[in-house]
Amino acid sequence: GDSWGIFTFLCAALCNLPALPALNCTEELGAGQSIQKTYDLTRYLEHQLRTLAGTYLNYLGPPFNEPDFNPPRLARVERVPSATVDLDLWRGLTDNARLAANYRAYSRLLCYLRALDGQAGTAELRHRLGHFCSSLQGLVLSIAGVMSSLGYPLPAGPPAPPGTPVASNDFLKKMDDFWLLKELQTWLWRSAKDFNRLKKKVPPAVVTLRLEARGF
Amino acid sequence: PSFVSPAADPAVISPQDPTLLIGSSLVATCTVSPDFHLKAEDLYWTLNGRRLPAASYAALGPTTLSVALARLNGSKQQSGDNLVCHSRDGGILAGSCLYVGLPPEKPVNITCWSKNMKDLTCKWAPGTEGETFLHTNYTLKYKLRWYGRDNTCQEYHTAGPYSCHIPKDLALFTPYEIWVEASNRLGVAVSDVVMLDILDVVTTDPPSDVHVSRVGDLEDQLSVRWSSPPALKDFLFQAKYQIQYRVEDSSEWKVVDDVGNQTSCRLAGLRPGTVYFVQVRCNPFGIYGSKKAGIWSDWSNPTAASTPRSERAAGGCDPKGGEQNTTLRRELKQFFGWVKKHAYGCSNLGIKLYDQWRVWLQKSHKTRNQV
């Protein structure tokens, strides 16, 4: 149902408070439920991104919206956290390290997404982008919630501000936008697997019944 | 598998991200960086993913290839046409976004309205054609006629794509000048100036709590009641109302115009046993004593009600011909007798009482028939 939607909205709304609200949000949920919610949210974002990316790439125009488009990545603008890491290396990390990497990556991805051309594009595109950013913010908080419920410390401080230079021309910016969406896609795909695996490691929470009664 | 290229840009295109008028021609050049060991003959161009014919290429140097584009059409997408310089194997070396379009036309048809004299919303239409192929920005500006300062509206798209909302700091009893500026990469166009006084374009909320109910057992009437919009109390304006109603499966609305400033009305001449949809709207007039009318509010949400259906079989018990006079006389006699019993003085005699009697009559007629 729409329970994760409500959850996301609540977390996104609470995000405006100075204190980290995720602790209040998920303390009562228990690790198992928390991970399930995060998994659900990741899948939802994956689905949303398909539509958003389709619309945005059409806005960028061909060849960006062609299926096999694969432009070069320019080293000097290594701003977007890359999800293409050696899979064995990734699996070899501790749960804590993997969660922290997810948290940091999505925080930065959110910043870049927000900076996506706000002026141009149709009103529909801007609206979709806005909605996606809200949902992504919910994911960041959700991951923080999972980490706190498992007793892991949160990665220190806010994500580093994008100090890297903005693309020097409009075409390069289009390529940056393309890669941002592509990386986001890969991250979400991999995170879903991560949370699915994590769910099986954590024993089912006793609080399950309590949640059901709340109608959540 | 994508490759990460070295620090220098592989190639440079000139012009980079130009803006052009529809129909113009362009010669673009692609110069490869010496680090790449590519020659002009190793390159090719695409525009929006489509390869450009080699006949339009020219080698201007060992590492520079040009392409000639003639009579350009308007950009395929507002983010710019993608002109790309490729190496032989298809790899992208550089790109340039071409913005081909037209300067904007003067925005037209500016209409504004004020909700309860508190704010101002204006909408407009882009100039004829509208399609400039370039992203066009609209700015609504306003200033008091007798004072110099221009103000810019900030809240856009409140009432459709070409609209703006000014929420506060508006003066009354004094004219404003309002206009819209459209701008894109190719130029600016300014609409004609519209002059208005806020008090001349006032509208209000639709009436609330619209209730439609039957009038006893009367088959051809419905009674409509509503509350005046709350703002009426705060401001020195009166309200006049209009009702529209239609039968459930028809799209033709009937309008009742002479409702005046009452907050109730009776609809008559309706069909029995039919569902009707009713809406009410309000027009604030007499603002600060003026005789001018304002702008009609939106219609209230439709309320539905049905007229009762007679339970007598059609053509059953209606008295015919000469019998009618006797029936009428008898009815009148009965009526006055009943009035004597139930009406204390003539002041209570009115249509309501008559209705009550008719209802009573129908009820007692029924029981008489059932016996």
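1. Strands (E, at least two residues) and helices (H or I, at least four) are DSSP runs, numbered from the N terminus. The model is predicted: local features need pLDDT of at least 70, side-chain atom pairs count only at pLDDT 80 or more, and totals for chains, interfaces and linings use all residues. Residues are numbered from 1 along each chain as its sequence is written, chains are lettered from A and ligands numbered from 1 in the order in which they are written, and side-chain values use heavy atoms, with hydrogens and water left out.

2. L21(B) belongs to strand β3 (residues 19-21) of chain B. Its relative accessibility is 45%, so L21(B) counts as partly exposed; buried means under 20% relative accessible area, exposed over 50%, and partly exposed in between (1.4 Å probe, protein chains only). Together with I22(B) and L102(B), L21(B) makes a nonpolar surface patch of about 220 Å². Patches are made of residues with over 30% relative accessible area and no salt bridge, with like charges joined within 9 Å and nonpolar side chains (Val, Leu, Ile, Met, Phe, Trp, Tyr) within 5 Å. A salt bridge is a side-chain nitrogen of Lys or Arg within 4 Å of a carboxyl oxygen of Asp or Glu. Areas come from the Shrake-Rupley method with a 1.4 Å probe, and for residues only the protein chains shown count as cover.

3. Chain B is divided into domain 1 (11-101), domain 2 (108-200) and domain 3 (204-307), with bounds from an automatic or database domain assignment. Between the C-alpha centres of domain 1 of chain B and domain 3 of chain B the separation is 65 Å.

4. Strand β9 (residues 81-87) of chain B is largely enclosed by the rest of the structure, because seven of its seven residues are buried. D81(B), L83(B), C85(B) and S87(B) point one way from β9(B), and N82(B), V84(B) and H86(B) point the other way. Strand β5 (residues 43-47) of chain B runs antiparallel to β9(B) and is joined to it by five bridges; two strands pair if DSSP finds at least two bridges between them. W45(B) has C85(B) in β9(B) as its bridge partner.

5. β9(B) is also joined, by six bridges and in the antiparallel sense, to strand β10 (residues 92-101) of chain B. Here H86(B) is partnered by I92(B). The two strands form a hairpin with four residues between them, and G90(B) in the turn has a positive phi of about 100 degrees. V100(B) is also found in strand β10 of chain B, and its relative accessible area is 0%, so V100(B) is buried. V100(B) and C265(B) are 165 residues apart in sequence and 60 Å apart in space, C-alpha to C-alpha.

6. Four bridges join β27(B) to the antiparallel strand β26 (residues 275-285) of chain B. T303(B) is the bridge partner of V278(B).

7. In chain B, an open sheet of five strands has the order β15-β16-β12-β11-β20, with mixed pairing. Its edge strands, β15 (155-156) and β20 (202-203) of chain B, each pair on one side only. Two bridges link β15(B) to strand β16 (residues 163-166) of chain B in the antiparallel sense, and E155(B) stands opposite H165(B).
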